[in-house]
Structure formats: structure tokens, C-alpha cells
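Subject: Structure handover

Hello,

Here is the structure I said I would pass on. My notes follow it, residue by residue where that helps.

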Amino acid sequence: MKEKKKRRTGTDSYQALLMLAPMMIGFVVFTYVPIAYILRYAMYDSNGFRETWVGFNNFARVFTRDSMYWKSVLNAVILSLGKLVVEIPLALLLAVFLSKKLRGTGFFRVTLFLPAIISTAIAGLIFSLMFAAFNGIINGMLMNVHIISRPINWFGNKWLAMFVLGLASVWNNYGINMIFFLMALQSVPLELYECAEIDGIGSGIGYYQRTAGRRDGSGYDLCI
């Protein structure tokens, strides 16, 4: 019996490896190989025809003499924090709604998760067309309801551009966080919900801390 169990375990392991192999090969080829090429080119000074080895001089120039690099880092931090403030609470609220056993929640789960399966490039193309300065859907809608009198150049201003980028990022990624929160909420024992109700914690942060937050710290992990 033990030998049969070992054989079954070995067979299952081989099958699992075979099923994972295509994805892992694609991940290595299209993720780690390009990263290796980028690191290799970062060590050279190239004019498109000739490459000259410069070592870490490119990195030294970026960190010490390129002021635009630090501005881009600051913009990335502002965008990340602003996105976090909106995305995590939105994902939690949607997860709480979907955790209720209501009619049609299956449809809403699929619908709300659909943006997460769209690639970043496609999401960027969608929002660039929506917020285009001329013939953009958003400008057209705002002009039709007489909120604005002329088109807005959304990508001509730093803060407007960051707003559009943050909105696109939230739309493209909230579905994953929603699923994580939903898994945490569904794994909470009913006794915890009953205790929360007895203690008078009906909703809000306290309710989350006594239920999903207490379960596995999912909110903290997603913020990280």
C-alpha cells in the first residue's frame, strides 16, 4: 500500500510539473530573459550602431546627475499612494457585497473581475482613447452635459495625467484585490460574525478587524 501511495504521489507530481511547464517556460522566456538583456544593455553606451562598455557609469549618472529621475520616483510614489487609498477600500467594499448570498452575485463576481484579465497595454490603450483631447469619449460626454465648454487636454497637465493613470490602474487591478478579500471573508467562521454582531460591531473598520482582518491580515498584505 505504501509503495502504491508513493507511486501515485510521484505520478501526480510529474503531471503537475508537466501542466506547469508551459506557463513556467513562457514566464522565464518573456520575463527573466528580457530583464537579463536590459541589465546587459545598461552596462553599455550605445548610439544605435556601436556599443561601448561603461560599467556602472549609467547608474551613477542617473542617481547623481539626472534630476528628472528623482522627480519620476516622487511621481511614482504619489501615484502609488493615491491608488492605494482608492483601490483597497473599493476592493473591500465590493468583496463584502459579493460575500452576501444575494441573487445575481455570481454574475457580478465575473463582471467585476473582468478588468483584471485585461493586459496593462490594452487597458492603457482603452484609457488613452477615452481621455483623448480630441474625439475622446470623456470630453464628448462632459461637453454634451455642458460641464465643460471645450475639450480638456488630460495628458497635457501633470496632475490630470496622474489622475488618468491612477484611474486606469485602479480599474485594471481592483479585481485581484477583491478576490483576495472575498477569499478572506469566506474563510471566516460564522462564529466571528455572530460575536461581532453581539459586540455591536455592525460595519466599518472594526467589523473588518474582527472578521477578515483578524483571519489572515489580508488587508495589510495587499497594501504591501
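N139 is buried, because its relative accessibility is 3% and the cut-off for buried is under 20%. Please keep in mind that this is a predicted model. N139 sits in helix α6, which covers residues 137-144. Its side chain reaches the backbone oxygen of A133 at 3.3 Å. Setting aside residues up to four places away in sequence, N139 touches A132, A133, I148, P151, I152 and W154.

**A second one, in α7**

N172 belongs to helix α7 and is likewise buried, with a relative accessible area of 7%. A polar atom of the N172 side chain lies 2.8 Å from the backbone oxygen of P115. With residues up to four places away in sequence left out, N172 touches P115, A116, I118, S119, T120 and A123.

**The chain as a whole**

The protein chain holds 11 helices and two strands. Of the 224 residues, 21% are buried. The chain exposes about 16,600 Å², and carbon and sulfur atoms supply 68% of that area. Taking contacts between residues at least 6 apart in sequence, 54% join residues at least 24 apart.

**Helix α4 against helix α7**

Two packed helices are described by the angle between their axes and the distance between the axes. What are these values for α4 and α7? The axes of α4 (residues 105-113) and α7 (residues 158-186) come within 9 Å and cross at roughly 145 degrees. On the α4 side the contact is made by R109, L112 and F113. These meet Y174, G175, I176, M178, I179, L182 and Q186 in α7. By type, the residues of this contact are seven nonpolar, two polar and one charged.

T105 is also in helix α4. T105 is buried, with a relative accessible area of 12%. Not counting residues up to four places away in sequence, T105 touches L98 and K100.

**Nonpolar cores**

In soluble globular proteins, nonpolar side chains tend to be buried together. Which residues make up the largest nonpolar core here? There are 11 in all: I88, A91, L94, A95, L98, L112, Y174, M178, F181, L182 and L185. The elements giving two or more residues to this core are α3 (67-99) and α7. As one case, A95 touches M178, F181, L182 and L185, with residues up to four places away in sequence not counted.

Another core lies apart from this one and has six residues, including F131, I138, V164 and A168. V164 is in helix α7 and is buried, at 2% relative accessibility. Leaving aside neighbours within four places in sequence, V164 is in contact with F131, W154 and F155. V164 and M130 are 34 residues apart in sequence, and their C-alpha atoms are 9.9 Å apart in space.

**Two loop residues with positive phi**

N135 is not a glycine, yet it has a positive phi of about 65 degrees. N135 is placed in the loop between α5 (120-130) and α6. Is N135 buried or exposed? N135 counts as exposed because its relative accessibility is 82%, and the cut-off for exposed is over 50%.

H146 also has a positive phi of about 65 degrees without being a glycine. H146 lies in the loop between α6 and α7. At 70% relative accessibility, H146 counts as exposed too.

**For reference**

If you only look at a few places, these cover the notes above. 

- N139: buried at 3% relative accessibility, with its side chain 3.3 Å from the backbone oxygen of A133.
- N172: buried at 7%, with a polar side-chain atom 2.8 Å from the backbone oxygen of P115.
- α4 and α7: axes within 9 Å, crossing at roughly 145 degrees.
- N135 and H146: positive phi of about 65 degrees in N135 and about 65 degrees in H146.

Regards

Technical notes:
Residues numbered from 1 in each chain as written. Predicted model: local features only at pLDDT ≥ 70, side-chain atom pairs only at ≥ 80, totals over all residues. Heavy atoms only, no water. Axes fitted to C-alpha atoms, helices over the stretch in contact; angles between N-to-C directions. Helix = DSSP H or I, 4+ residues; strand = E, 2+ residues; numbered from the N terminus. Contact = heavy atoms within 4.5 Å. Nonpolar A, V, L, I, M, F, W, Y, C, P; charged D, E, K, R; others polar. Buried < 20%, exposed > 50% of the residue type's maximum accessible area, 1.4 Å probe, protein only. Areas by Shrake-Rupley, 256 points an atom, 1.4 Å probe, with all protein chains shown as cover. Core = buried A, V, L, I, M, F, W, Y, C linked by side-chain atoms within 4.5 Å. Polar contact = N/O pair within 3.5 Å; in protein donor to acceptor, adjacent residues only side chain to side chain.
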